[in-house]
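Here is a short briefing to read alongside the sequence and the 3D view. Please keep the viewer open and step through the topics in turn.

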Amino acid sequence: MVPLVYIPPLLKSLTNGQEIVEVSGKNVREVIQAVEAIYPGFAARICDGDDLRSGLAVTVGTKLATNGLREVVDTDSEVHFLPAISGG
Amino acid sequence: MAKKRIVTTTINGKETQFLCQPRQTLLEILRDDLALTGSKEGCSNGNCGACTVLCNGKAVNSCLILAVEAEGAEIETIEGVAPVDGLDSLQDAFLQQAALQCGICTPGFIMSAKALLQEQPDPSEEDIRFNLAGNLCRCTGYDKIVRAVQDAAAARQQV
Amino acid sequence: MASTSYKVIGTRPIRHDGTDKVTGRAQFGADIQLSGMLFGAILRSPHAHARIKSIDISQAESYPGVHAVVTGTDLPEQQQKVAHLGEGDVNLYHLSQNVLARQKVLYKGHAVAAVAADDIHIAQEATQLINVEYEVLPPVLDVLEAMQDEAPVLNDDVRTDSMAGEESKDPTNVAKHYFYEKGNIEKGFEAAHVVIEREYRTSTVHQGYIEPHNATALWNQDGQITIWTSTQGSFMVRQQMADLLKLPESRIKVVPMEIGGGFGGKISVYLQPVAALLSKKSGRPVKLVMDRASVFEATGPTPGSYIRVKMGADREGKLTAAEAYVAFEAGGFPGSPVVCACMCIFACYDVPHGRINGYDVCVNKPRSNAYRAPGSTHAAFAAESVVDEICERLEMDPVEFRLKNAAQEGTRRVDGVQFARIGMKETVEAIRDSEHWKSSLEGKYRGRGIASGFWFNVGLKSSVTAMLAADGTVSLLEGSTDIGGTRASLSMQLAETLGIAAEDIKPAVVDTDSVGYNDVTGGSRVTFSTGIAVHNAGLEMRRQLIERVANIWEVKVEDVQYEDGKVRGPGGKEFTFRELAAKIHATGEPITVKGTSGSENQAGAFGTHCVDVEVDPETGKVDVLRYTIAQDCGTAIHPAYVEGQMQGGAAQGIGWALNEEYVYDEHGAMRNATFLDYRIPTCCDLPMMDTIIVEVPDPQHPFGVRGVGEVPIAPPPAALVAAIYQAVGVRMRELPASPPRLLHQILQR
């Protein structure tokens, strides 16, 4: 089992239409780098330097991550990149 | 600017004199000059009721009364409601029923409810809703406020 | 899973700040009086869209009694930079322009200049002496018109941004495009037996808090700035101030006053930086308070919207596909909650195939802001209305439909994420089993409707400090401003953790220098997240008490048990909390602990509402006869305030559904900027509101709390229009379903 990265629909052009990419990595940063290695251009849409792009959040499993790129990813975790939301 | 006037009133049972410009509202004088900030300003045009005080026993929007008009009047504000050693049954009922959330409208509701219970000691739910319709609350949906007034009415009947 | 072992949680103590609030002693933002204080007033744009050619303040400056006049040029210039405000991001360039306009005004009421004077009347008069020369531009007020190529463009720095990068080369009003997809939408619709596609519109509506915005600032001679203000986030005010004024945060202290309602609208700064600038220029403290018209015209209402929804279901009533196009009016600057609408719109259901497009669009209306479950009410109105039509077409009971399609743990949303443990189904079951649903509704022109709604609820960060006093009470310092009783809900969690009475906790909301960092009071997070911080503080206090008592008894720490507000040791040794507290000062260091939170996020919450209405076919007026709210609250800490949130949220949703809207003329001027004409529900408009607290505990919180505040605003519009349809046979697809609009539909039928 390896982490499953769900590709945001608007970025599927970078992954030849692939919706889910299986890569290995211990944390979100490594997972992004692993996708980047296969599909160049991906990381630039997700990261700004060593941070997530502003307005972006990452979900690992069912849980919204609080550690950004350092969030630990289990071998069978789903990783989703979503807009950050707040509330009233 | 027009000359300032001296106005003599009774506020919360105490004779009070103040100086005001003719354009100043009673609410402005209460809040800014007399430090009675329990009456709140929500709209300044009589729509929200947060500034409700009793003027000669009747509930009025103090933002719609000019301070000079208070000459000779008997004014009661939220600061005058509680007895020295406790709370009025209305205040108590608001707390027991959790009839407030943010609390900005609460003084106005208590003043309107007080005027109502003075006139109608045993109001129906419809009476309560009709008489409090000039006070806006954005937090509670009014359910607990109406229940609090019902409870206070019952408590007053028992005394 | 009943809270069998709780002593404090689930009870209804009197709130700690209650007496101050019923006696008028509570100090709200506008109540502050400072020595030498000046009063300020703001000059606002009379135009919805104009270029500022010049501003002449010389006459105002020399007006007797005036101490300072400021304009946009007094604020430091901002580059395009996004600030992370914890609860969300904000573009500082736009925020600064919104606080005081520079080159352009983008909505009527946009702040242009400000005056500080001896009293409010002089300040107001002086603003009229400021001479602003405008080049008036045509406004664009409608979201779909603003998306057209030929529409006037508000901001020349805005391009359509998306996950894939910029989608437009030229300046545009379409600031953002969001896109979600799951499965194969075409296949999904092919499998459907019934497909319904409808268009919906909602008007701009306001949070309508009764307390206007306010800020009092002192820019002291030593350069330290203090702001007294009512806000949902004192630390957010500090950060926005620091960014806007380009000062270190340490120079700014924010003192949160009692807050008279917020609902999302008191997070962004409006007056605070202006008051600071006026104080700096005058050398005196300056108080600014908005009038009601400015609150409507110049703060952050929730957007008007256009939503197109298409949903399909098979013969058995299983959803096969759902598609939405959602466009929100961001107002003058980008940043509507359209993305939240996109993520909420089908969240109540298990949708096998889905597609959602969302657009954030600038129009010449005030810059929109969060309003209770931002975007979710718009979304629920559209999606739940389509669901109601599907049920009608399939001749299926709407409760049965919802039970069949309800999202549950493991359901994958259209945005891809799977739900953790949630209680959507349970809220529908609660309505199904309610007296209300089981009762029959008789009479002409009467109808019943139900609808469900969802909100994420956030986690974010909190800090608290707890201090043990020798008399056995505990002071609790918190930084989460208390809008609806969170002093009580937090004190109760600390009391439960320590095994003492809620009344023995003394909570205080303190300034930004006096407690650790706290994110905003928003996202239904305080009872959840600050609750975790409070629980952590309680656990740490227990640890220290055990250590202390082990030392007193000269036994091992492992041999001391903390239970039920007592410590017990070997040989029947025992102290009550109070007995132990009395010994603290004589036996060692004071016990002062902290608690923090920030690594948990909530699983989301659902509500289902049921409403009976009677429609007057002569006038189009809708009377709400009966209302029942079922909501998953995780664990209700203080049930009375939980009920209050449910009732109050529903009341706002009812107002949105039946009356509230910004009415604009063709020049972009709001024509109803008073509480008389922008009509929020009064006492006479509502019945008693029945509540059913459903408790599906969130395992991420020690007591199972889920946020309560936001969910209940989402279902009412959809439930009401479903009920109206049953009553008079017309489907209202435009909000509000106000008497003139509804009557028009009835007459057209």
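## Briefing

Read from the N terminus, chain A has its elements in the order β-β-α-α-β-β-β-β-β. That comes to 2 helices and 7 strands in chain A. The radius of gyration of chain A is 12 Å, close to the 12 Å from the globule rule for 88 residues, so chain A is as compact as a globular protein of that length. Please keep in mind that this is a predicted model.

**Chain A as a whole**

- Along its principal axes, the C-alpha atoms of chain A fill a box of roughly 40 × 25 × 20 Å.
- Buried residues make up 52% of the 88 residues in chain A.
- Counting contacts between residues at least 6 apart in the sequence of chain A, 46% join residues at least 24 apart.
- Chain A has an accessible surface of about 4000 Å², and carbon and sulfur atoms account for 46% of that surface.
- On the charge side, chain A carries 7 positive and 11 negative side chains. The centres of these two sets are 5 Å apart.

**A closer look at Lys12(A)**

- Where does Lys12(A) sit? Its place is in the loop between strand E1 (4-6) and strand E2 (20-22) of chain A.
- Is Lys12(A) buried or exposed? Its relative accessibility is 16%, and buried means under 20%, so Lys12(A) counts as buried.
- Leaving aside residues up to four places away in sequence, Lys12(A) touches Ile7(A), Gly17(A), Gln18(A) and Glu19(A) within chain A, and also Glu181(C) from chain C.

**Strand E3 of chain B and its partners**

- Strand E3 of chain B covers residues 52-55, with Thr52(B) and Leu54(B) pointing one way and Val53(B) and Cys55(B) the other way. All four of these residues are buried.
- Which strands pair with E3(B)? One of them is strand E4 (residues 58-61) of chain B, antiparallel to E3(B) over 4 bridges. Another is strand E5 (residues 74-76) of chain B, also antiparallel, joined to E3(B) by 2 bridges.
- Leu54(B) has a bridge partner in each of these strands: Ala59(B) in E4(B) and Glu76(B) in E5(B).
- E3(B) and E4(B) form a hairpin, with 2 residues between the strands. In the turn, Asn56(B) has a positive phi of about 50 degrees.

**Strand E7 of chain C and its partners**

- Why can strand E7 (residues 111-117) of chain C be called largely enclosed by the rest of the structure? The reason is that 7 of its 7 residues are buried.
- Strand E1 (residues 38-44) of chain C runs antiparallel to E7(C), and 6 bridges join the two. Within this pairing, Leu43(C) has Ala113(C) as its bridge partner.
- Strand E3 (residues 66-71) of chain C also pairs with E7(C) in the antiparallel sense, over 5 bridges. Here the bridge partner of Val66(C) in E7(C) is Ala117(C).

**How the chains meet**

- There are 2 pairs of chains in contact, and chains B and C share the most contacts.
- Chain A and chain B do not touch, and their nearest C-alpha atoms lie 14 Å apart.

Technical notes. Residues are numbered from 1 along each chain as its sequence is written. Chains are lettered from A and ligands numbered from 1 in the order in which they are written. This is a predicted model: local features need pLDDT of at least 70, side-chain atom pairs count only at pLDDT 80 or more; totals for chains, interfaces and linings use all residues. Side-chain values use heavy atoms; hydrogens and water are left out. The radius of gyration is taken over C-alpha atoms; the globule rule is 2.2 Å times the number of residues to the power 0.38. Buried means under 20% relative accessible area, exposed over 50%, partly exposed in between (1.4 Å probe, protein chains only). Contact means heavy atoms within 4.5 Å. Accessible areas come from the Shrake-Rupley method with a 1.4 Å probe; for residues, only the protein chains shown count as cover. Lys and Arg count as positive and Asp and Glu as negative; His and the chain ends are not counted. The place of a charge is taken as NZ of Lys, CZ of Arg, CG of Asp or CD of Glu. Two strands pair if DSSP finds at least two bridges between them.
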